[in-house]
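Please read them with the structure open.

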Amino acid sequence: MSTYQLGDLAERFDCQLHGDADTRIATVCTLQSGKPNAISFLANSRYYPHLASTKASAVILKPEDVSKSPVPAMAHHNPYACYARVAALLSQEPVRQVSDIHPSSTIHETATLGANVTIGPNCFIDENVTVGDNCYIGPNIVISRGVQIGEAGILHSNISVYRDCVIGKRAILHAGVVIGADGFGIAQDNGEWVKVPQLGRVVIGDDVEIGASTTVDRGAIEDTVIEDGVKLDNQIQIGHNVRIGAHTAIAGCSGVAGSAIIGKRCTIGGMAVVLGHLEMADDVHITAQSMVTKSIKEPGVYSSSTPLQPNRQWRRNYARIGQLDEIAKRLSKFEKTIKKK
Amino acid sequence: MSTYQLGDLAERFDCQLHGDADTRIATVCTLQSGKPNAISFLANSRYYPHLASTKASAVILKPEDVSKSPVPAMAHHNPYACYARVAALLSQEPVRQVSDIHPSSTIHETATLGANVTIGPNCFIDENVTVGDNCYIGPNIVISRGVQIGEAGILHSNISVYRDCVIGKRAILHAGVVIGADGFGIAQDNGEWVKVPQLGRVVIGDDVEIGASTTVDRGAIEDTVIEDGVKLDNQIQIGHNVRIGAHTAIAGCSGVAGSAIIGKRCTIGGMAVVLGHLEMADDVHITAQSMVTKSIKEPGVYSSSTPLQPNRQWRRNYARIGQLDEIAKRLSKFEKTIKKK
Amino acid sequence: MSTYQLGDLAERFDCQLHGDADTRIATVCTLQSGKPNAISFLANSRYYPHLASTKASAVILKPEDVSKSPVPAMAHHNPYACYARVAALLSQEPVRQVSDIHPSSTIHETATLGANVTIGPNCFIDENVTVGDNCYIGPNIVISRGVQIGEAGILHSNISVYRDCVIGKRAILHAGVVIGADGFGIAQDNGEWVKVPQLGRVVIGDDVEIGASTTVDRGAIEDTVIEDGVKLDNQIQIGHNVRIGAHTAIAGCSGVAGSAIIGKRCTIGGMAVVLGHLEMADDVHITAQSMVTKSIKEPGVYSSSTPLQPNRQWRRNYARIGQLDEIAKRLSKFEKTIKKK
């Protein structure tokens, strides 16, 4: 990491400086672990106790918390976002001195590579692939024919991108990602399944990050679309012809079934399911392990799932769930009886 | 895509022709997006409105819907399966002119490759592997020793098939699939785990398709078996010694625990769980996010899961689930009290 | 497999021998499938019927079950763990005669490889990687710079290990595993997301096994830690800064969100979710498809989830879950009314 002065960081990131402008900052730390020349942040009031005793050299926090800091501080209305930018600056890596195209990789003669593209070992770049400027394509990556990748992309390792898919600028794809495999299109025919050809593409906008082992299927006829700024965690499955609105974030292990349309700025918790052929409005938030079974027209927070209980207690309540309709009917009948009396 | 006349397509796929037999068909489209020389289909009555205004050149639909079509039509009792076959014909790709075995791949001297096998870059085919005729094995695929793959298989990229597994004819395995990794066999011993060797194989029948990043574990002693015509979507986990009956289809993100036996022609929705050591009859259908906790002996549709609600409302009901047994008991007690009066 | 005499096996694994010490044992079998020269085991009394008719040559069982065995037996207080060790001995493979480092792999000049390390085709071992003695690193594996792997590791195929991660001794990583991809750290900023650099590592203890396609994210500032003896099944997602206590086992498809602390000797069933920023005590057991939403301080078994029902019945009860709070209130009101009378 490089070293900066706190005063310079405050100026660069539009913060109000409190304390010694010459404080040296070279790395980041948590409030609890604080170490020399390290800056931390406080975004959540439940960490006040850690602030009081921190050994960090400086801290980023909200203007109203400045007085609580025992160490020099940078005040910002959004300390977590500010921390993210400071950490990015501090952890900036020197440009790696690797060969541009590793000799063990196979690049089809019709592929077009932009300026400053690095391709690691054992990659395969097929016919008519276009890779923009400043991309880093890690080892063991397979990019099928006709794929386009915008400038400044980072593809980590063991990634597969199927034919004709489009990935926008500044994409980050982590290890094991699969973009554009066939959607799950099968037609019943006399008790057997006929494969429905999957002829659409996956079209991914700019500034999208996709976590390890996440899969996004190609469309059946039209395209599957991931709009700008979408962030997908690991182990997520996105079905064919799904559209995910700009700046939506989805946590790990979730699944979105075919032809679901998800709005902009939504968040979806881990292990959640969105069923197919429905629409979710903008600014909808789904909590973890919930299942969206029909369209949601109003912004807001939605949930399903059942409470964790000690197993003995849960067994008793569990059995009652299967009797709920009967219980409700008995209660109604009963209310009528009483009213009559 | 190639171009066909509608009359020829109708004859080839056993449909009744309505309208101009000379209509040129070169591609497919949705009813909504319809484009020139493209054929669409209507399988679901809720799309009638789109049919009326379609710009498709022709449409595949049920005999009883022919009169509603504003464009030439092919009538078939199963329009979706018929569409699947027409689309497969139209999207048939010319045979790719690639080198049979890419020089960057490593093929063990004891491996046996059939006629017209294509192996992409950076593959590893180990000892005594047998690959049938007309297989396409994509880039970066690892096939361990003793594996057998039937004719006309398609293995996409970044796939691993462990030793001694058997994959039937016309298999399609998408990127990131893992066949035959060790099952989760561990024995408790004084608070630590002893690994139980996984000595069975995975045996996969004919006409099986397996989606991206799906994993099928090898058996512990006997084999894990996927019967003919099974279709698995992405991100599915199949445990050791599972048997999945012929023509069963499982949607994305589901998990089947060890030694579960699933019948023929079943369907399992997304993110569902089938616990281990149980049996499901033929023709059982499990809806999304359900958990099968014991054997199912009768065909039919089965479900669990809770309804999505606005978070405020859900919080109130959620708390009550933990009181259900008590609520039921209070009601029963109450009913007795009243009866006595 | 090699061949042993039952008497020798009993002595080697500290069992009491019953019956002919000269019984030849070359392989293992189930009680049902029993075959010549094969040993089976009985760990669960529900398999008594299979024991009576077994065609196995010998069986491992508890001392109290010896009298029920129709064939020679080895008595041990923990037959399943004993079976695991016998099976490991019988299935021991001869050392593979492959080239130590396959010429198609790329090993950075600064990487340090221990004694007897085998590296398969198409691997990439980056700067300053350290691999201990006796490791087998399968084909198409990517190990980024600064990674350390302890002695006797087995990495199967298509694995990615990101920079600076540490993997202890005797690790087994199955195909498609990803260790150290970025955690899901994003900060909201005016309706868009800012990436939070993920600067910690993944530190994995000794004797850890990780199943196919499982992903373990690197920490945000501090490390993600998997302690000694942890066993992870397939398709699991472990978020950033999680700590999993020693000898905990997690079944397939589960997810653990960021900064969760899981105790020692816990078990977590399949498709379970552990939310972030909470703590689970030692010896906690979570059943399949449950969600842990807050800290658990007492050892024990905990569950959530709803019962599987025929779909018609489930639909009726499902609707009532959304009315539960109202039902409970009606009952309370009602009880008051009655008491007054």
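1. Chain A splits into three stretches: domain 1 covers 4-90, domain 2 covers 106-302, and domain 3 covers 311-340. The bounds are those of an automatic or database domain assignment. Between the C-alpha centres of domain 1 of chain A and domain 3 of chain A the distance is 55 Å.

2. On provenance: the model is predicted, so local features need pLDDT of at least 70 and side-chain atom pairs count only at pLDDT 80 or more, while totals for chains, interfaces and linings use all residues. Residues are numbered from 1 along each chain as its sequence is written, chains are lettered from A and ligands numbered from 1 in the order in which they are written, and side-chain values use heavy atoms, with hydrogens and water left out.

3. Symmetry. Chain A is superposed on chain B by a rotation of 120° with 0.0 Å of shift along its axis, at an RMSD of 0.0 Å. That is how a three-fold axis relates copies. Chain C goes onto chain A with a turn of 120°, a shift of 0.0 Å along the axis and an RMSD of 0.0 Å.

4. Five strands form an open sheet with mixed pairing, in the order β2-β7-β6-β5-β4 of chain A. Strands here are DSSP runs of E with at least two residues, helices are runs of H or I with at least four, and both are numbered from the N terminus; two strands pair if DSSP finds at least two bridges between them. Because β2 (16-18) and β4 (27-28) of chain A are edge strands with a single partner each, one side of each has no neighbour in the sheet. β4(A) runs parallel to β5 (38-41) of chain A and is joined to that strand by 2 bridges, with A:Thr27 opposite A:Ala38.

5. Hairpin in chain B. β21 (186-189) and β22 (192-195) of chain B pair in the antiparallel sense over 4 bridges, and B:Asp189 stands opposite B:Glu192. The hairpin has 2 residues between the strands, and B:Asn190 has a positive phi near 55°.

6. Interface of chains A and B. Chain A contributes 79 residues to the contact and chain B 73, where contact means heavy atoms within 4.5 Å. About 6,000 Å² is buried between chain A and chain B, 59% of it from carbon and sulfur atoms; buried area is the accessible area (1.4 Å probe) lost by two parts on being put together, summed over both. There are 5 salt bridges between chain A and chain B, each a side-chain nitrogen of Lys or Arg within 4 Å of a carboxyl oxygen of Asp or Glu. One salt bridge links B:Glu209 to A:Lys195 at 2.7 Å, N to O. Elements giving at least two residues to the side of chain A that touches chain B include β22 (192-195), α4 (311-321) and α5 (324-340) of chain A.

7. Interface of chains C and A. Here 79 residues of chain C touch 73 residues of chain A, and the buried area is about 6,000 Å², with 59% from carbon and sulfur atoms. The salt-bridge count between chain C and chain A is 5. Among the elements that supply two or more residues on the side of chain C that touches chain A are α4 (311-321) and α5 (324-340) of chain C.

8. Salt bridges overall. Over all chains, the search returns 42 salt bridges. Which helices hold A:Asp325 and C:Arg320? A:Asp325 is in helix α5 of chain A and C:Arg320 in helix α4 of chain C, so this pair joins two chains. The side chains of A:Asp325 and C:Arg320 come to 2.8 Å, N to O.

Conventions. Least-squares fit on C-alpha atoms with pLDDT ≥ 70 in both.
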